[in-house]
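Me: Could you help me look through this model? I'd like to go slowly.

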Amino acid sequence: METTLDALTLLHKEAEAERRHPVDEELVAEIDAMAERLKAVEAERTALREQVAGLRATVRELTASGAGLQARLAAQTARHPLPVPRRRGDRQRMRRDIAAVRNLAVRAGELDASGRAEAALRLLRRSADEVLNPLETAGLLLLLRQQQHDDLADNLIHVYGRDQGREDVLNVALALHEEGAPDDAGAVLHAALD
């Protein structure tokens, strides 16, 4: 049965009042145990409040950094074009696809930089499996290299080569080779053979 903090506080006060009267040792031990339990619950409550405050601060920082992130992405777009397929159709959709790959690379890089490499790799793996086509995956790998997130790029190459179909792996390898990344092209092919 779970005891609330208010109930423990009340019991503690009652026990302290009874302590002033002559009582047996068993009751004194019970009062002392309740006092310790109350201290532990209060410490836990304080720790939880600090965690909530920390999480709220993190949310505020992420919200505030969103504007800066958009500006950096816009500046990067002009400097480093992604390898995209030459296809006819909606140019706005192509721009959104490129922006999505850039956002993904930046988000994964931020997770990696904050010590959450596993979360970054899960994000990349899920995106490569469910959202990105092979050319976009190659672009993502190139962006990770540009941002110097080599461990993430290496892990994504290994996972992609191992888990994807041969045609997708070949298309990624070809795109990487054409964009001047023959080592990564070879690595993704090697991962597919393992």
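Me: At what angle do H7 and H8 pack, and how far apart are their axes?
Reply: This is a predicted model, in which local features need pLDDT of at least 70 and side-chain atom pairs count only at pLDDT 80 or more, while totals for chains, interfaces and linings use all residues. Residues are numbered from 1 along each chain as its sequence is written, and side-chain values use heavy atoms, leaving out hydrogens and water. H7 and H8 pack at about 165 degrees, with their axes 7 Å apart, so H7 is roughly antiparallel to H8 (an angle over 145 degrees). Helices here are DSSP runs of H or I with at least four residues, numbered from the N terminus, and axes are lines fitted to C-alpha atoms over the stretch in contact, with angles from 0 to 180 degrees between N-to-C directions.

Me: Which residues of H7 and H8 meet?
Reply: Among them are Val 169, Leu 170 and Leu 176 in H7, and Val 188 and Leu 189 in H8, where contact means heavy atoms within 4.5 Å.

Me: New topic: which residues have the most contacts inside the largest nonpolar core?
Reply: They are Leu 124, Leu 140, Leu 144 and Leu 176, in a core of 30 residues; such a core is a set of buried (under 20% relative accessible area, 1.4 Å probe, protein chains only) Ala, Val, Leu, Ile, Met, Phe, Trp, Tyr and Cys residues joined through side-chain atoms within 4.5 Å.

Me: And which helix gives the most to this core?
Reply: H5 does, with six residues.

Me: What does Leu 144 touch?
Reply: Leaving aside residues up to four places away in sequence, Leu 144 touches Ala 105, Leu 124, His 149, Leu 152, Ala 153 and Leu 156. Leu 152, Ala 153 and Leu 156 are among the buried residues of H6.

Technical notes
Buried < 20%, exposed > 50% of the residue type's maximum accessible area, 1.4 Å probe, protein only. Helix = DSSP H or I, 4+ residues; strand = E, 2+ residues; numbered from the N terminus. Parallel < 35°, antiparallel > 145°, perpendicular 65-115°, else oblique.
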